[in-house]
Amino acid sequence: MKIKSSKSKRSAIRRAFLLIATAVALVSIPPLASVAIGGMNEYDVKAAYLANLGRFVIWPTKGKNDPAPSFPICILGVDPFGRTLDRAVDGQQIDGGPVIARRISMPEQAAGCRVLFIGESESDSLDAALAALSHVPILTVSDMPRFIERGGMVGFVVEDSRVRFQVNLDAVKAAGFALSSQLIKLATLVKTNGASGASGG
Amino acid sequence: MVNGRHMSIATRLTWINMLVTSAALLLACAGFWTYDYVTFRNGCIRSLSIQSQIVASNSASALLFDDPRSAENTLAALRVSTNIMGARIFTASGQPFAGYSRSHLQNSSLVYTVREPGAEQHWFKDGRLILSRKITFQGKFIGTAVICSDLSQINARLRAYMLICAIILLACLGAALLLSSFARGSIAAPIVKLAGTARKIARERDYTVRIEPVSATEEISDLLESFREMLVQIQARDEELLQAHNELEARVEERTAQLRSANQGLEAFSYSVSHDLRAPLRQISGFANLLTDDYSAQLDTGARRYLGLIQKGAANMGRLIDDLINLGRIGRQELMRKPTNLNELAEITLRDLRAEIEARAIDVRLAPLPLVECDPGLIKQVFANLLANAVKYTRYQERPVIEVGMVEQGGEPAIFVRDNGAGFDQKYEHKLFGVFQRLHRAEDFEGTGVGLATVRRIVENHGGRIWAKGETGKGAAFFFTLRPPARGQQNQPAMKGTIIQ
């Protein structure tokens, strides 16, 4: 292995990248085309956001008292991030615990998750999934259209070639925790008390 | 005013007051200003630091979620601080993220640099205060906020301070001026009055002037009192001096009167004695002549010789008496001044001596003499005496020379008669002009011893003076003037006035 030149190493990386790109192209069926933002892939940005969202959540005090061995970020359904999320959370700590990425296929598996990204593949069964999670302190995130209208908490949208997000404070409140005002002010749409309005901008 | 030497004490006091006041005020103002400047500057830094802290914590989420507009909204809140010219947020990698500036024009000129990404520091540049602060979120460095504030507030404060200082300074100078006018009253006024009095006394020499007492500080009243005492002493001394002077004058007058009467008595005595001596002398001389004429044949040789000696002695005595009478007459006689040609007088006198001059071939040199206002009869006697002496004392000289001329002696024209005869010892000069004072033996040079005394009296009666210069065996020179020397001998025109050219 040591004899291998850097050239062969680089070609290996390129091969892996092509493989991932093909996989992403295959799994993400666009209504939303993948856009590049600031030289970064859309899902790179979303992964970074996902990794940081947990920092702007005021978690229930009950959870604080418990020693938090880890801070799991779960992905339900088809994973659009691939290794990006794993890289984004690598070495990160929230609430004193290391952030880890976990893939699940059933909403029932979400117990212990702090943040749950619901892939677009779950669009059809979303209502049931949200209903199952409605009284668990899990921050639900998705980039499927009309996510917050359907009861989700944070929905990623792309506006002006930028990844932005909308928040549903009712859902957050119902789940028993709160979002930092710092986060809310960045949201392009805030749904609260059944009403919704544009914020920040 | 500028030249301190000519300032009056009152002005000087005022100036000192003003200077001290201004110096103290300026120092105080400078101290206050420095303190205030430092305090205010630190306040500015603290205020900017707080604002940057707010900006930093409010823009953390914007940085994390890549939302420059939100960050710009946060920065726009700085608009309420009018001194903040602009602000910028940089990402952790140092890329510009969001910005704000008060004026779009200034935006381009503002240079926002992060000296050290992540460092928290402030610095002054181009009259601006720039503060940079790292933005952290949950202990993680995510960017840098830089705020730039202008110092116009500090400058405005400085201007206000200067204005206040100027106003206070003017007010204090006014107050100092007012107060120093009181000081003038209590300190300067008595001194000014003293100076005025001293000047008046110096000018008028009136030591009876007194300074009326004024209420003044101790030192000044001491000074005034000493001055007053000094004046009293000067006046007392003046009076003593005047009294002494008057006493002296009276005494001198008294003595002069005594002397004059004694002198007159002496002269009268001398005149009458001389006069009275003539009658018996004439008898002696007359009978001696009769004896010689009538009884010469009956007398032997020895008797005839004695008779000759008697006749000679009587003749000598007669001359002496004549001279003495003459001397006495000169003392009493009024001068008959008239313009006189001294050359003529000298020539007439020389004519009387012509026989001996020619016989001995005396070289007489007569220089031109001036025309002088004098008594010609008396001056002729002077020439007669001096020339006769000159002829007499050159008797043993092989080549006798007599010079008559005029010299200028220290601005004083003096007539002289000089010979190269027997001369005299200069140290006996004072004896020359005394009555019966003779420097030579009668056997060598006959004479009565009255001639030079007569000459001196005549010269002195004219107001002149006479002196002699001589050396034993080398001749003598007699100088005389006929007028008192003009005051300050350099006064030539006055001198010439006495000499009619």
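**View 1. How much of chain B is buried.** Of the 501 residues in chain B, 34% count as buried (under 20% relative accessible area with a 1.4 Å probe, protein chains only). This is a predicted model, so to speak: local features need pLDDT of at least 70, side-chain atom pairs count only at pLDDT 80 or more, and totals for chains, interfaces and linings use all residues. Residues are numbered from 1 along each chain as its sequence is written, and side-chain values use heavy atoms, with hydrogens and water left out. Chain B has an accessible surface of about 29800 Å², and 57% of that belongs to carbon and sulfur atoms (Shrake-Rupley method, 1.4 Å probe).

**View 2. The fold of chain B.** Here you get 13 helices and 13 strands (DSSP runs: H or I of at least four residues for helices, E of at least two for strands, numbered from the N terminus). Among chain B contacts with a separation of 6 or more, 64% come from residues 24 or more positions apart (contact is heavy atoms within 4.5 Å).

**View 3. Helices α6 and α7 of chain B.** α6 (residues 218-295) packs on α7 (residues 301-332) at about 155 degrees, with the axes 9 Å apart (lines fitted to C-alpha atoms over the stretch in contact, angles from 0 to 180 degrees between N-to-C directions). The pair is therefore roughly antiparallel (over 145 degrees).

**View 4. Ser70(B) and its neighbours.** Ser70(B) sits in helix α3 (residues 68-76) of chain B and is buried, at 6% relative accessible area. Leaving aside neighbours within four places in sequence, Ser70(B) contacts Lys185(A), Leu186(A) and Ala62(B).

Technical notes: Chains lettered and ligands numbered in written order. Parallel < 35°, antiparallel > 145°, perpendicular 65-115°, else oblique. Buried < 20%, exposed > 50% of the residue type's maximum accessible area, 1.4 Å probe, protein only.
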